[in-house]
Structure formats: structure tokens, C-alpha cells
Amino acid sequence: MLLGWRYTRAGRATRRNGFISFISGASMLGIALGVAALIVVLSVMNGFRKEVAGRMLSVIAHIEVFAPDGAALPDPRLTLSEVRRNAEVVGAAPFIGAQGLLARGETMKGAMLRGIDPALEPEVTDVAAQLKDTALKKLTPGSFGILLGSDLARSLGVIEGDQVTLMAPSGQVTPAGVVPRLKQMTVVGTFNSGHYEYDSALAMLNVDDAARIFRLEGPTGVRLKLRDPNEAPEVTQQLAGTLSGNLLILDWTQQNRTWFSAVQLEKRMMFIILTLIVAVAAFNLVSTLVMTVQDKRADIAILRTLGASPASIMKIFVVQGALVGVIGTLGGLALGLLIAFNIDVIVPFLERLFHASFLPKDVYLISRMPSDPQAGDIVPIAVISLLLSFVATIYPSWRASRVNPAEALRYE
């Protein structure tokens with residue numbers, strides 16, 4: 001092992017040995033950079049998924065139970081009573097979900113309209129809980145007040161107290177044709193969830209007002225909050241067997257399945273691509289060790305004549321390659337974790353330095369770079385790096401063990 005460590009340092013007494021030392025250092029650096037890149041990229045993707053999911057769940061419910069075709073629930077009180085019997089449900093609130101157009105002057109925006117019960121909605125979403133004592137109190141039945149997402153209000157150019165015109169999708173049939181139903185609504189406040197998709201399109205109004213505007217007899221569904229959002233698929237299965245009537249049940253993972261599947265697929269592909277970078281750096285060890293073996297042929301021959309076995313010769317070069325892999329991997333782990341845990345400082349600095357925005361929130365849903373290093377990613381990265389480094393040493397070490405002493409010393 002001591003010989004392996006000495007060869008790793010590749011004494012710089014000669015120009016040739018110095019070049020071997022340089023190649024060894026380059027391999028070590030390549031492994032370190034590959035491991036660091038893997039850790040940083042996967043940590044950012046984990047953070048991105050966690051941040052978006054968290055902001056998403058501050059606006060949407062963990063589970064939604066609703067009647068088919070957007071119709072009113074047959075018995076909303078019975079449905080609320082039945083869902084609350086489940087031990088995992090900590091909050092439930094009726095709602096009406098619809099789409100419409102909001103107009104202010106010549107500006108017109110499509111909106112996701114949500115009729116809510118101001119008294120029960122704070123049990124379900126964090127955004128409503130934050131507005132419980134302020135804007136939600138103003139959503140009284142018959143007042144036709146409306147609560148807008150901050151970006152939606154900005155795009156319409158309205159503030160609290162302004163009037164907007166709500167156009168319902170189904171109109172009134174008149175002799176002149178179908179005329180859309182219009183209703184003047186008063187903006188009672190705005191909310192900011194931090195999720196651009198909802199802040200730019202979601203509007204909330206009282207459930208009774210929504211029923212009158214959309215000509216419904218009552219709520220179209222019930223929104224639920226669970227103790228643990230990750231249990232939503234299992235609770236959905238439980239509710240499917242206990243609820244009365246022909247009702248549809250969707251959890252938050254089903255409603256956003258496409259997005260989460262895309263993120264998971266992208267994470268897998270990035271892991272594979274960056275692992276190939278680590279593999280290239282690790283297999284640079286092959287050329288390094290081959291050059292070392294060629295340079296040390298005379299030394300190997302002398303060791304063999306002194307009684308060293310082929311296995312002990314092979315072990316020397318395995319140790320040399322393994323040490324390069326271990327040092328490179330540990331260096332990459334340290335560098336990667338340092339960047340991953342401080343990326344919230346590094347990225348803003350780079351944005352100020354280059355006068356650029358790396359995460360426009362209208363494209364990436366969030367405007368800051370999140371990071372969430374997880375042991376489930378870091379441990380496999382380290383193991384794969386060490387394994388590739390070890391595999392790369394096998395062939396050159398085997399070649400070293402096959403050196404013929406007489407042949408190697410013939411011209412010495």
C-alpha cells in the first residue's frame with residue numbers, strides 16, 4: 001500500500017514522472033468535478049420539486065371530491081360528514097370550480113374561478129389561512145366580492161376596491177343569439193402564493209355567489225387537507241370505498257401527474273448523463289496506470305526477483321488507482337455539498353454579476369434557485385464513483401502483474 005501511495009504521488013525527479021503525476025492529478029480533478037456536478041444538479045432538482053410542490057399545496061387541496069360533469073353535489077352535508085370520518089383528514093371545505101373571463105376596460109384575462117366558503121376554506125389551504133382575518137371576511141354572500149392572484153390583479157391593472165367584469169362561459173339564449181352572462185365584481189383583495197401559475201390565473205369568490213353566477217344548486221365538490229400530503233393516494237383509495245353516491249376523487253399527485261413525471265424523468269436522465277462524465281474521468285485512470293506500469297517495469301522486475309508475487313504487484317497499482325478515486329470522490333463530495341448548501345447565495349451573486357435572471361418565474365414557476373441535498377442521491381453517487389475508479393484499475397494492474405522480470409531487465 002505504501003508503494004501504491006508513493007506511485008500515486010509519482011515522484012517528480014524526472015520529467016516523465018512529473019507528466020504521469022500531472023495525468024494522475026487531472027484524473028483526480030475530473031472525478032471530483034463530475035461528482036460535484038452530479039450532487040449540485042440533483043440537489044437543485046430535488047429543491048425545485050420540493051419548492052414547487054410546497055407552493056402548489058399552499059393553493060390546491062390534497063384531495064378533491066366532486067360530482068361528474070361539473071354538476072352540484074347531491075348532498076354536500078353528507079359528503080362533508082363522510083370525508084371527515086377518515087382519520088387522515090384534518091380539514092374539509094365545499095367549493096365550486098369553474099372558468100371564466102375577467103375584464104377591466106379593454107383588458108381581458110382568462111381565470112380559474114373558485115367559489116369557496118370563507119369560514120371553512122382556511123382549514124384546507126395555507127393561502128386562505130393567511131387571509132382568514134383580512135380579505136376572506138369580505139367575501140360575504142351577496143356582496144359579489146372577488147379575491148385575485150397578485151399577478152392576475154397586476155395584469156388587469158386593478159387594486160382593492162376596483163370593479164371587474166366577470167363573464168360566465170355559459171350565456172343566456174335571446175332572440176339575438178347567445179349572450180354571455182356578465183356580473184360586476186368588486187376586488188376585495190389579492191393573494192400571493194409564490195406559484196406563478198396560480199397567482200396569474202386564480203380568482204376566489206363566495207361559494208353562494210358562484211352558485212348564482214353559474215346557475216348551480218350548490219357546491220360542485222369538497223376539498224380536503226390531510227395530515228400527510230404523501231398519503232393522498234392511499235386516502236383516495238379509502239374514500240372511494242366509503243363515500244356515498246357517484247363521485248369522482250382526485251388527489252394532488254393525479255392532478256399534477258404530468259409535471260411530476262416530467263421532473264422525475266429529467267432527474268433520471270441528468271443522473272445518467274452526469275454519471276457518464278464521472279465514468280470518463282474514472283477511466284482516465286486506465287491511461288495513467290498504463291503509463292505508470294510502463295515507467296516502472298524495471299522496478300516491478302526487481303520486486304519480482306526479490307520474491308514479490310503477481311498478486312502483490314497487482315495490489316500496488318490497484319491501491320494507486322483506488323487512492324486517486326477515493327481522493328477525487330471525497331473532494332467532489334466536499335465541493336458539491338459546499339455549493340449545494342450555499343446555492344441560495346451563489347446564484348443571486350452570479351445574477352447580479354452578469355445582470356441576468358436564471359429563473360424567470362413565468363417560465364420556471366419559481367424565481368429563486370432551491371437546493372435540497374438528499375442522502376438517497378449522494379450515497380449512490382459516491383458508491384458509483386468509487387466503483388468505477390476501482391474497475392478502471394483492474395486491467396493495468398493485471399498487466400503489471402504479468403511483467404516478465406528477465407524481459408524487463410534485459411536492457412537495464
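Reader: Which residues is Leu 239 in contact with, leaving aside its neighbours within four places in sequence?

Author: Contact means heavy atoms within 4.5 Å. By that criterion, Leu 239 is in contact with Ile 63, Val 83, Asn 86, Leu 224 and Ile 249, its neighbours within four places in sequence being left aside. This is a predicted model, in which local features need pLDDT of at least 70 and side-chain atom pairs count only at pLDDT 80 or more, while totals for chains, interfaces and linings use all residues. Residues are numbered from 1 along each chain as its sequence is written, and side-chain values use heavy atoms, with hydrogens and water left out.

Reader: Which residues of the largest nonpolar core touch the most other members?

Author: A nonpolar core is a set of buried Ala, Val, Leu, Ile, Met, Phe, Trp, Tyr and Cys residues joined through side-chain atoms within 4.5 Å; buried means under 20% relative accessible area, exposed over 50%, and partly exposed in between, with a 1.4 Å probe and protein chains only. The largest core here has 39 residues, and those touching the most other members are Ile 63, Val 65, Val 83, Leu 147, Leu 224 and Leu 239. Helix 2 (residues 15–57) supplies the largest share of this core, five residues; helices (H or I, at least four residues) and strands (E, at least two) are DSSP runs, numbered from the N terminus. Another core, of 23 residues, lies apart from it and includes Ile 146, Leu 156, Leu 166 and Ala 203.

Reader: Is Asn 46 buried or exposed?

Author: Asn 46, found in helix 2, counts as buried, at 8% relative accessibility. Not counting residues up to four places away in sequence, Asn 46 touches Lys 267, Asp 372, Gln 374 and Asp 377. Asn 46 and Asp 377 are 331 residues apart along the chain, yet their C-alpha atoms are separated by 9.6 Å.

Reader: Which residues of helix 11 are buried, and why do they line one face of the helix?

Author: The arc is that of the directions from the helix axis to the C-beta atoms. In helix 11 (residues 297–305), the buried residues are Ala 298, Ile 300 and Ala 301. Seen down the axis of helix 11, these buried residues fall within an arc of 160°, so they line one face of the helix. Helix 11 is followed by Gly 307, whose phi is positive, near 110°.
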